[in-house]
Amino acid sequence: MASALAAALKNYGMVVDHVATLAEAEEAVSINAYGAILLDRQLPDGDGLTLIPKLRAKGAGVPIIVLTARGDLVDRVAGLNTGADDYLGKPFAVEELLARLRAVLRRPADLPSQTMRLGRLAFDIGNREASVAGRPLDLPRRELLVLEALLRRMGRTVARSSLEEAVYSIDDEIQSNALDTHVSRLRRKLSEAQAKVEIHGIRGVGYLLKHSP
């Protein structure tokens with residue numbers, strides 16, 4: 001089910017890392033910054049809920065949605081009291097999970113608005129759609145992910161490693177110039193749409209998105 005769910009979420013434009021055990025999950029969150037975590041309870045090495053207090057004790061505010069077949073009231077209350085942001089019982093529709101993901105992703109304090117704006121460019125966080133002066137900007141999935149990552153840190157240099165984490169999953173094979181290709185195509189499309197934003201390459205560091213006159 002996890003593999004099928006990961007594939008479905010990728011089809012909706014999300015970058016997904018899938019791990020199978022608590023130990024692997026703990027290692028993954030220690031080295032990667034995630035926008036959200038989907039956590040099963042019945043894992044080979046224990047109850048998924050035991051991971052949540054460890055994350056919260058370290059100050060991790062990442063939204064967590066618990067997915068489980070144990071969906072009665074007592075279990076739901078236990079999950080929420082442990083620090084989960086939402087609790088979804090199996091079976092569930094992917095569309096409902098997506099709606100709940102969008103809801104928790106709108107909550108972080110550094111994103112008070114559902115729409116990020118720069119120049120004539122707007123990015124709808126919930127629907128993951130970009131537009132320029134109200135006109136939709138048609139972007140492939142990975143170019144859209146690059147744009148979102150740059151917008152979330154607009155005006156600041158984003159390291160290549162951070163962009164690669166935002167665009168690729170841990171299972172993807174990354175070509176040496178793949179990120180540069182996505183950025184180059186995105187830069188051209190923003191220019192053609194007269195978005196009034198520029199992507200600057202910072203040699204040896206990463207990229208910077210800023211307003212252009």
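Helices (H or I, at least four residues) and strands (E, at least two) are DSSP runs, numbered from the N terminus. The model is predicted, with local features needing pLDDT of at least 70 and side-chain atom pairs counting only at pLDDT 80 or more, whereas totals for chains, interfaces and linings use all residues. Residues are numbered from 1 along each chain as its sequence is written, and side-chain values use heavy atoms, with hydrogens and water left out.

Leaving aside residues up to four places away in sequence, Leu147 touches (heavy atoms within 4.5 Å) Leu121, Phe123, Ala130, Leu139, Leu186, Leu190 and Leu209.

β6 and β7 pair in the antiparallel sense over four bridges, where pairing requires that DSSP finds at least two bridges between the strands. The bridge partner of Met116 in β7 is Phe123, and in the hairpin, which has two residues between the strands, Gly119 takes a positive phi near 60°. Buried means under 20% relative accessible area, exposed over 50%, and partly exposed in between (1.4 Å probe, protein chains only).

| Face of β6 | Residues | Burial |
|---|---|---|
| One face | Met116, Leu118 | buried |

In helix α2 (residues 22-31), Leu22, Ala25 and Ala28 are buried. Seen down the axis, the buried residues of α2 fall within an arc of 120°, so they line one face of the helix, the arc being that of the directions from the helix axis to the C-beta atoms.
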